[in-house]
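Student: Hi! I'm new to this one and would like to chat through it. Can you take my questions as they come?

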Amino acid sequence: ASKAGDAYPSAHLTIVGSSPTFRDVLPSIMSAFSTQSIELPCSALGSPQPTYSWKFQGFPLRQTSQVKVLQSGSLYISRVEFKHAGKYTCSATNQKGVINQSTILKIYSPTSFVSSSTEAYQKLGLNAVLSCRVTSELTTTITWRQAGSVITSTSNHVFSSSNDELTLKSINRSDSGNYSCTVVTSLETISRTIQLFVQDVPGSPTHVQT
């Protein structure tokens with residue numbers, strides 16, 4: 001029997017484990033084209049295994065058929081739309097703590113060529129202008145090639161300031177053939193080929209394969 005004033009042994013509950021740490025670093029800015037699918041990484045280590053939650057624009061994220069939190073903790077958005085642009089914050093939580101990281105998702109329209117024409121005609125001895133103009137919300141780098149070789153600026157090959165037009169000076173029959181332009185942005189690479197026909201004066205089109 002215990003006497004008054006006896007001390008009872010005290011019980012201490014110790015949580016064994018480790019606080020969460022992110023396995024994947026979420027970039028501060030992520031970009032995607034509309035209709036693309038994108039995954040925002042949020043995998044974390046910890047013991048017990050962390051649970052995940054996401055916020056969009058500061059509010060708890062509502063999952064839909066388009067927007068889903070994966071078992072790994074990452075957020076998957078299928079066929080993104082402009083309404084999905086904004087700030088996303090991921091939280092990883094266990095009994096030892098909680099950590100957060102955020103990203104800004106930017107949505108762009110896909111880059112597209114202004115003209116769909118794949119043929120150009122010009123008379124012998126005149127200048128021929130080939131266009132590679134695009135509509136893009138991103139910075140573009142344009143490279144021209146003929147027969148697989150990069151075309152550089154010369155007195156006969158003149159580029160516009162943004163490289164989206166190539167002027168061939170005083171063309172002759174050897175200038176006939178296929179010219180390709182490649183447009184590179186931070187998100188994609190697109191190409192097109194233009195076939196140049198050099199015409200006699202007067203006469204029907206003359207085309208030399210290259």
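Student: Which side chain does the side chain of Ser 91 make a polar contact with?
Tutor: With the side chain of Asn 100, at 2.4 Å. Keep in mind that this is a predicted model.

Student: Where does Ser 91 lie?
Tutor: Ser 91 lies in strand β9, and that strand covers residues 86-94.

Student: Is Ser 91 buried or exposed?
Tutor: Buried, because its relative accessibility is 13% and the cut-off for buried is under 20%.

Student: And what does Ser 91 touch, leaving out residues up to four places away in sequence?
Tutor: Ser 91 touches Thr 51, Tyr 52 and Ser 53, and also Val 98, Ile 99 and Asn 100. Asn 100 is the polar partner we began with.

Student: OK, what about the sheet around there? What is the order of its five strands?
Tutor: The order is β2-β10-β9-β5-β6. This is an open sheet, and its pairing is mixed.

Student: Which ones are the edge strands?
Tutor: β2 and β6, where β6 is residues 59-60. Each of these two pairs on one side only.

Student: How many bridges are there between β5 and β9?
Tutor: Six, and the two strands pair in the antiparallel sense. As an example, Phe 56 has Tyr 88 in β9 as its bridge partner.

Student: How do side chains point along a regular strand?
Tutor: As a general rule, they alternate between the two faces of the sheet.

Student: Changing topic: which residues does the cis peptide bond join?
Tutor: Ser 47 and Pro 48, with omega at about 0 degrees. Pro 48 lies in the loop between β4 (44-47) and β5 (51-56).

Student: What is the phi of Thr 35?
Tutor: Near 80 degrees, which is a positive value in a residue other than glycine. Thr 35 lies in the loop between β2 (29-33) and β3 (38-40). Thr 35 counts as partly exposed because its relative accessibility is 47%.

Student: And what about the phi of Arg 79?
Tutor: Arg 79 has a positive phi too, of about 50 degrees, although it is not a glycine. Its place is in the loop between β8 (75-77) and β9 (86-94).

Student: Is Arg 79 buried or exposed?
Tutor: Exposed, because its relative accessible area is 53% and exposed means over 50%.

Student: Let's go further along the chain. What is the order in the sheet of three strands?
Tutor: β13-β18-β17, an open sheet with antiparallel pairing. β13 (128-131) and β17 (157-159) are the edge strands, and each pairs on one side only. From one strand to the next, the twist averages 20 degrees.

Student: How many bridges do β13 and β18 pair over?
Tutor: Four, in the antiparallel sense, and β18 is residues 165-168. Leu 130 has Leu 166 in β18 as its bridge partner.

Student: Last topic: what joins β19 to β20?
Tutor: A hairpin, through four residues. β19 and β20 (residues 189-199) pair in the antiparallel sense over eight bridges. Val 183 stands opposite Ile 190 in β20.

Student: Which strand do six bridges join to β19?
Tutor: That is β15, residues 141-146, which runs antiparallel to β19 (residues 177-184). Here Gln 146 has Tyr 179 in β19 as its bridge partner.

How values were computed: Residues are numbered from 1 along each chain as its sequence is written. This is a predicted model: local features need pLDDT of at least 70, side-chain atom pairs count only at pLDDT 80 or more; totals for chains, interfaces and linings use all residues. Side-chain values use heavy atoms; hydrogens and water are left out. Buried means under 20% relative accessible area, exposed over 50%, partly exposed in between (1.4 Å probe, protein chains only). Two strands pair if DSSP finds at least two bridges between them. Axes are lines fitted to C-alpha atoms, for helices over the stretch in contact, and angles run from 0 to 180 degrees between N-to-C directions. A polar contact is a pair of N or O atoms within 3.5 Å; within protein, one must be able to donate a hydrogen and the other to accept it, and residues adjacent in sequence count only if both atoms are side-chain atoms. Contact means heavy atoms within 4.5 Å.
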